[in-house]
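Open the model in your viewer and keep the selection panel at hand. The tour goes from stop to stop, saying what to select and what is there.

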Amino acid sequence: RTGNSPKVAIFLKMFGLERCKDTIVGDSEHRGVSGGEKKRVTSAEHLLQTACVSVLDEISTGLDSAATYDICKTLGGLCRATKSTSIVSLLQPPPDVVSLFDDLLLLGPGGNLVYHGPVTACAGYFEQFGFKCPEHVDFADFLVDICSEDAAIHFVPGLQSVAMPPTCIEMAERWKRSQMFHAFIQPRFAKAVANGSDGSKNSVNQAPFTSEFGASFVELLSLNIGRHFQVLRMNAAFVRQRIIQATVQGIMIGTIFWQEENPGVRIPMFFLLVALVSMGQMYIVNVALERREVFYKHRTANFYPTIVYVLAELLADLPQQVLEAVIVGCFSYFFSGFQSHVFYNFLFLLILTSMAFSNTFKAVTAHMASPAASQGAAIGFAALSFCFSGFLVTKEQIPNFFIWIYWLLPFSWV
């Protein structure tokens, strides 16, 4: 959502992202936020959606203990504030991070459930099996060890009158018969069954969970358009470069065909102009590749339907395409000495040509698996358009079984 949303402002503050809210995330080629901030952005982005349960897998990978602690603490506060549930798997978390969680779910080999209950009661529960966490060992490492072949190193003979350390399968069977299971887990199951039997009382069957995307089509479209414009504003250098490129192209073509009066020479001018405009849209392949990963992530999370993203991108890119066509069209048209009363028809067709090629390149990129394949297919389409444009090979010379290609491409209509 937009940065003016109160919910977004709360998330920015809770995740400590206020300082970098106007900074791009960055990649291998562009410097952006730090590694810890990237993790916070990813977590906040997915938690921002309306979901009663969130599942996060190894969110601490690549982060130091301080960053992991901050994210987990923020996540806990968010769950209590929104009355939601977050299921998190962590890789070797420090003890202070483990203590932030309410419940602990411990799985052994084969997916056997060894423990599921309060974190504070976990140590006492495993002492009845003869396992005790030494002071020099992290509690998370202790839990991992007792579910592995190294369980014996933490077994204390004689503790709780246990002679031999139990296996994971034995601990899983004892867990089902334990007092904690009957006091802590079974009531939750009973409550879930009761809520599920009466749909009117089940919060999952109430708004906003009854809607797939949590908002109307118009609202999602306006939010997506606003996001596209915001990204465009943050990339002002790219917009300036495109304007300079259109200006140079227009002046170059207009200068080559300066006040040309020979009708036979004007046709090559139109072909060159349309070819430059169409090939100038080749940049959209790299842009679409960068946006594609973000779209896949958002679409999987049901942020918006595909048609909303397509329409928003089309409408957001339209002003820039119109501006570029106006610049290159004005210079080339009037420098070449054409009549002014048909200028708007010329400009309209130039804009349509630019949109046709840019959206075709987007469609090609959407169906290709790799950047190399996308570039190759886009160049192949452009080459096919030039060959069947009616200039290199006239319409009359195109074989009848290929004439459908001529009418399918934008050049023939221009």
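**Before you start**

This is a predicted model, in which local features need pLDDT of at least 70 and side-chain atom pairs count only at pLDDT 80 or more, while totals for chains, interfaces and linings use all residues. Residues are numbered from 1 along each chain as its sequence is written, and side-chain values use heavy atoms, with hydrogens and water left out.

**Stop 1: the second largest pocket**

Select Ile87, Val88, Asp103, Leu104 and Leu105, which lie nearest the centre of the second largest pocket among its 42 lining residues. On a 1 Å grid over the protein atoms alone, a pocket is an open set of points with protein on both sides within 12 Å along at least five of seven lines, and a lining residue has an atom within 4 Å of a point. The space in this pocket is about 1,500 Å³. Such a volume is the space filled by probe spheres set on the grid points, which are joined across faces, edges and corners.

Next, colour the elements that give two or more residues to the lining: helix 3 (65-82), strand 2 (85-89), strand 3 (103-107), strand 4 (113-118), helix 6 (139-146) and helix 8 (179-197). Helices (H or I, at least four residues) and strands (E, at least two) are DSSP runs, numbered from the N terminus. Helix 8 supplies the largest share of the lining, seven residues. Sorted by class, the lining has 27 nonpolar, seven polar and eight charged residues. Here Ala, Val, Leu, Ile, Met, Phe, Trp, Tyr, Cys and Pro count as nonpolar, Asp, Glu, Lys and Arg as charged, and the others, Gly among them, as polar.

**Stop 2: Gly117**

Stay with strand 4 and select Gly117. Is Gly117 buried or exposed? Its relative accessibility is 0%, so Gly117 counts as buried. Buried means under 20% relative accessible area, exposed over 50%, and partly exposed in between, with a 1.4 Å probe and protein chains only.

Leaving aside neighbours within four places in sequence, Gly117 is in contact with Asp102, Asp103, Leu104, Met180 and Phe184. Contact means heavy atoms within 4.5 Å. Gly117 and Phe184 are 67 residues apart along the chain, with 6.9 Å between their C-alpha atoms.

**Stop 3: the largest nonpolar core and helix 6**

Select Tyr115, Phe126, Phe131 and Leu143, which touch the most other members of the largest nonpolar core, a set of 27 residues. A nonpolar core is a set of buried Ala, Val, Leu, Ile, Met, Phe, Trp, Tyr and Cys residues joined through side-chain atoms within 4.5 Å. Helix 6 gives the most to this core, with five residues.

**Stop 4: Ser278**

Move to helix 11, where Ser278 is found. Ser278 is buried, at a relative accessible area of 0%. Not counting residues up to four places away in sequence, Ser278 touches Phe357, Phe361, Phe386 and Phe411.

**Stop 5**

A cavity is a set of grid points where a 1.4 Å probe fits but cannot get out. How many cavities of 30 Å³ or more are there? The count is two.

For the largest cavity, of about 100 Å³, select Arg242, Gln249, Val277, Gln281 and Glu324, which lie nearest its centre among 13 lining residues. Helix 10 (236-256), helix 11 (263-280) and helix 13 each give two or more residues to the lining. The lining divides into five nonpolar, six polar and two charged residues.

Keep Glu324 selected; it lies in helix 13 (residues 306-335). Glu324 is buried, with a relative accessible area of 7%. Beyond four places in sequence, Glu324 touches Arg242, Ala246 and Gln281. Its side chain and that of Arg242 are joined by a polar contact of 2.9 Å. A polar contact is a pair of N or O atoms within 3.5 Å; within protein, one must be able to donate a hydrogen and the other to accept it, and residues adjacent in sequence count only if both atoms are side-chain atoms.

**Stop 6: the second largest cavity**

Finish with His228, Leu232, Arg291, Ala316 and Asp317, which line the second largest cavity. The volume of this cavity is about 30 Å³. Helix 9 (217-234) and helix 13 each supply at least two of the lining residues.
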